[in-house]
Amino acid sequence: MAGDFPRYQQLEKHLLAQVILRFDYSPVLKLADKTPAGELITAKKNDFVEKYVEKVRKLLPLFQYEQTSPEEFIFQVTDNGPQARREPRTTVHKFATPDGATFIETSFLYLAVAMSGAQYKGFSAFLDLLFPVWQVFSTDFAIDKVKRVGIRKINHIVKPGTPDSVRFDAEVSEEVLGPTRAFGASLSEWGIGLHRKEDTAGPENRVTIGTRQGHSDGKDATLLFLDFDVFSAHVRNNDGSMREYLQDVLNHRHWELFCNFMNRKKLQELGLKA
């Protein structure tokens, strides 16, 4: 089964706004701020991180490096009532192109890569960017298993006009648009969220479709978004089969979802099987 589908990519390339791939794994203590017992390991952590960052900089010489510690709100109920405070989350190491359109983030909980549709050249090329970094990271920090892996593709279709006046029948399947009209609501009012699990061992799908109103060239415009999230929440070994699984299972499922949601005539124009 091939990982890339040229004619599918022709249509996907036209609509794709962003593609995201993310690995989630058990906490990496070498990147954590503390051990489970609370003992600080700052010196050892910094040594590991500095070596890792240097390796990635050599792999991605045109990428800019940034280290951040996003904050989150912590709510507590005290004798004086509920209180909230800000606390820094685990450090995130981010490598991004100068325009920010493509970036890789790593932390002690996840590794993610995101790319804009304008820079996307196909799934194989996308993995070519990710995997050298993933191999360095997973080797340096001894990640032998992945708890969750997912691919998310966000597609945009923009048309002039307001949501109540714009129709997307030429692009999107009647099976998708029909339920909204049956309820007498626009996509922006109703929206669709679908979750499907194929089997106990297979990947799961989450699809969100809806509209947002905005402007294009100074005029009213409506953006239709098709957000396809395909993922496996089963623990997988981090071995040589991971790339094949991403290409031949998860990305192939994206192709199937895309074809199911798109207008049959549009697919036939490209010689795609609906």
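This is a predicted model: local features need pLDDT of at least 70, side-chain atom pairs count only at pLDDT 80 or more; totals for chains, interfaces and linings use all residues.

Visitor: How many helices and strands does the protein have?

Guide: The secondary structure comprises seven helices and 13 strands.

Visitor: And what share of the residues counts as buried?

Guide: Of the 274 residues, 47% count as buried. The protein exposes about 14,800 Å², and carbon and sulfur atoms supply 51% of that area.

Visitor: What about contacts between residues at least 6 apart in sequence: what percentage joins residues at least 24 apart?

Guide: That percentage is 67%.

Visitor: Let us turn to the strands. Which strand pairs with β1 over eight bridges?

Guide: That is strand β9, residues 148–160, which pairs with strand β1, residues 16–24, in the antiparallel sense. Strand β1 also pairs with strand β7, residues 110–116, again in the antiparallel sense, over seven bridges.

Visitor: Take Gln 18, then. What is its bridge partner in β9?

Guide: In β9, Gln 18 has Ile 154 as its bridge partner. In β7, the partner of Gln 18 is Ser 116.

Visitor: How do side chains point along a regular strand, in general?

Guide: They alternate between the two faces of the sheet.

Visitor: Now the helices. At what angle do α3 and α6 pack?

Guide: Helix α3, residues 123–140, packs against helix α6, residues 242–261, at about 145°, and their axes are 11 Å apart. The crossing of α3 past α6 is right-handed.

Visitor: Which residues meet there?

Guide: From α3, the residues are Phe 123, Ser 124, Leu 127, Asp 128 and Phe 131. Their counterparts in α6 are Met 242, Arg 243, Leu 246, Gln 247 and Asn 251. By class, the contact has five nonpolar, three polar and two charged residues.

Visitor: One more residue, Leu 257. Where does it lie?

Guide: Leu 257 lies in helix α6.

Visitor: Is Leu 257 buried or exposed, and why?

Guide: Leu 257 counts as buried because its relative accessible area is 8%, and the cut-off for buried is under 20%.

Visitor: What does Leu 257 touch, leaving aside residues up to four places away in sequence?

Guide: Leu 257 touches Asn 205, Val 207, Phe 228 and Val 230.

Visitor: And how far apart are Leu 257 and Asp 229?

Guide: Leu 257 and Asp 229 are 28 residues apart in sequence, and their C-alpha atoms are 9.8 Å apart in space.

Notes:
Residues are numbered from 1 along each chain as its sequence is written. Side-chain values use heavy atoms; hydrogens and water are left out. Two strands pair if DSSP finds at least two bridges between them. Helices (H or I, at least four residues) and strands (E, at least two) are DSSP runs, numbered from the N terminus. Axes are lines fitted to C-alpha atoms, for helices over the stretch in contact, and angles run from 0 to 180 degrees between N-to-C directions. A crossing is left-handed if the near helix is turned anticlockwise from the far one by less than a right angle, and right-handed if clockwise. Contact means heavy atoms within 4.5 Å. Ala, Val, Leu, Ile, Met, Phe, Trp, Tyr, Cys and Pro count as nonpolar, Asp, Glu, Lys and Arg as charged, and the others, Gly among them, as polar. Buried means under 20% relative accessible area, exposed over 50%, partly exposed in between (1.4 Å probe, protein chains only). Accessible areas come from the Shrake-Rupley method with a 1.4 Å probe; for residues, only the protein chains shown count as cover.
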